[in-house]
2 protein chains.
Amino acid sequence: MVRSTFLVNAAYADAAREHGLTPQQGQLLCVLMAQPYGMGELGAMLGLAKSSMTGLVDRTERNGLVRREPDARDTRAVRVALTEEGGRLADDFYADACRRIENLAAGLPPADKDALAGLLGRVVADNEAPEVFTESTGGE
Amino acid sequence: MVRSTFLVNAAYADAAREHGLTPQQGQLLCVLMAQPYGMGELGAMLGLAKSSMTGLVDRTERNGLVRREPDARDTRAVRVALTEEGGRLADDFYADACRRIENLAAGLPPADKDALAGLLGRVVADNEAPEVFTESTGGE
DNA sequence: CTTCGGTAATTCGCGGCACGAACTACGCAA
DNA sequence: TTGCGTAGTTCGTGCCGCGAATTACCGAAG
């Protein structure tokens, strides 16, 4: 259902706005919660061109949420890391976004919520790691 | 699951791009498949400010997909309608987008697909028409 | 009829977002 | 050393979304 996607999108965007973030900047912060990454890695993870990343990191850096650090192993490369403030905001935003999305399913009985989570998890798993081992379904 | 939303978004965006549309223009076409609407109505349906609609309709009109028609009852108002070409494209795009999204669940057995559709439908129904009749669940 | 508040849409200026092409600067191997 | 590949940036373009101000009209109240 496409419409359920709109709901999630809207909930996500609302959560971001309420924390003074754009959805993209929020996503960036969430990715960086785990660990710092290089620009190229971030682009791959978020599905963006390198040139798009520069701007996104620029804006987020200007807001004091992330920092560019030199990579010890590679003079060319850069590690993007959360600042103190960025880390706090990321935690808050992440929790809030989860809460809101959880809330969308509030009308469902717990068993159905579990079922839904399980099904969506399967869909994600099926689509997240394709490419390899396309044995029987002559894909492309 | 937020990630399933990304998948749907990506599938939708891909479908749009392949038909030479932006996601927003694709959405506009889909809404107009049913019938023409005024600018204000469209803004409400798509969750956009009126000033945002003007530009979106401008660009889509420039591509020859929609047309502004005067409203017989109200000289101020405008009806936005699909052109011939826009109608064809809307049909194609809509079918394609549905196919792609359907495909995301291809790895699930039919029974699970039905279950998923049912659950998501409930979530949508619960969230689409709130506001009224919040009787027992002291909502908000 | 005139006045006047509300409404439909547009215009303007701003900023975010995404892209590709061109460029810099470095890593690395031949 | 030469030269290819890679990490990031810059630049120019276009889409998108917003709020504030503006234009033009509707409709009701006086």
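**Helix packing, aromatic pairs and the chain interface**

Helices α3(B) and α4(B) are roughly perpendicular to each other (angles of 65 to 115 degrees; under 35 counts as roughly parallel, over 145 as roughly antiparallel and the rest as oblique), because their axes cross at roughly 105°. The axes come within 9 Å, with α3 spanning residues 39-46 of chain B and α4 residues 50-62 of chain B. Axes are lines fitted to C-alpha atoms, for helices over the stretch in contact, with angles running from 0 to 180 degrees between N-to-C directions; helices are DSSP runs (H or I, at least four residues) numbered from the N terminus. On the α3(B) side the contact (heavy atoms within 4.5 Å) is made by B:M39, B:L42, B:G43 and B:L46, and on the α4(B) side by B:M53, B:T54, B:L56 and B:V57. Of these residues, 6 are nonpolar, 2 polar and none charged, where Ala, Val, Leu, Ile, Met, Phe, Trp, Tyr, Cys and Pro count as nonpolar, Asp, Glu, Lys and Arg as charged, and the others, Gly among them, as polar.

The model is predicted; local features need pLDDT of at least 70 and side-chain atom pairs pLDDT 80 or more, whereas totals for chains, interfaces and linings use all residues. Residues are numbered from 1 along each chain, chains are lettered from A in the order in which they are written, and side-chain values use heavy atoms, without hydrogens and water.

Over all chains, 2 aromatic pairs are present (ring centres within 6.5 Å; planes under 30 degrees apart count as stacked, over 60 as edge-to-face and the rest as tilted). In chain A, the rings of A:Y12 and A:F93 are edge-to-face, with centres 5.5 Å apart and planes at 75°. This pair ties together parts that are 81 residues apart in sequence, since A:Y12 belongs to helix α1 (residues 2-18) of chain A and A:F93 to helix α5 (residues 84-104) of chain A. A:Y12 is buried at 12% relative accessibility (under 20% relative accessible area with a 1.4 Å probe, protein chains only; exposed is over 50% and partly exposed in between), and A:F93 is buried at 0%. In chain B, the ring centres of B:Y12 and B:F93 lie 5.5 Å apart with planes at 75°, again an edge-to-face pair. B:Y12 is buried at 13%, as is B:F93 at 0%.

Between the chains, 27 residues of chain A contact 27 residues of chain B. About 2,700 Å² is buried between chain A and chain B, 70% of it on carbon and sulfur atoms; buried area is the accessible area (1.4 Å probe) lost on putting two parts together, summed over both. In chain A, the residues losing the most area to chain B are A:L7, A:L119 and A:L120, together 18% of what that side buries.

Terms used:
Helix = DSSP H or I, 4+ residues; strand = E, 2+ residues; numbered from the N terminus. Phe/Tyr/Trp six-rings, centres within 6.5 Å; stacked < 30°, edge-to-face > 60°.
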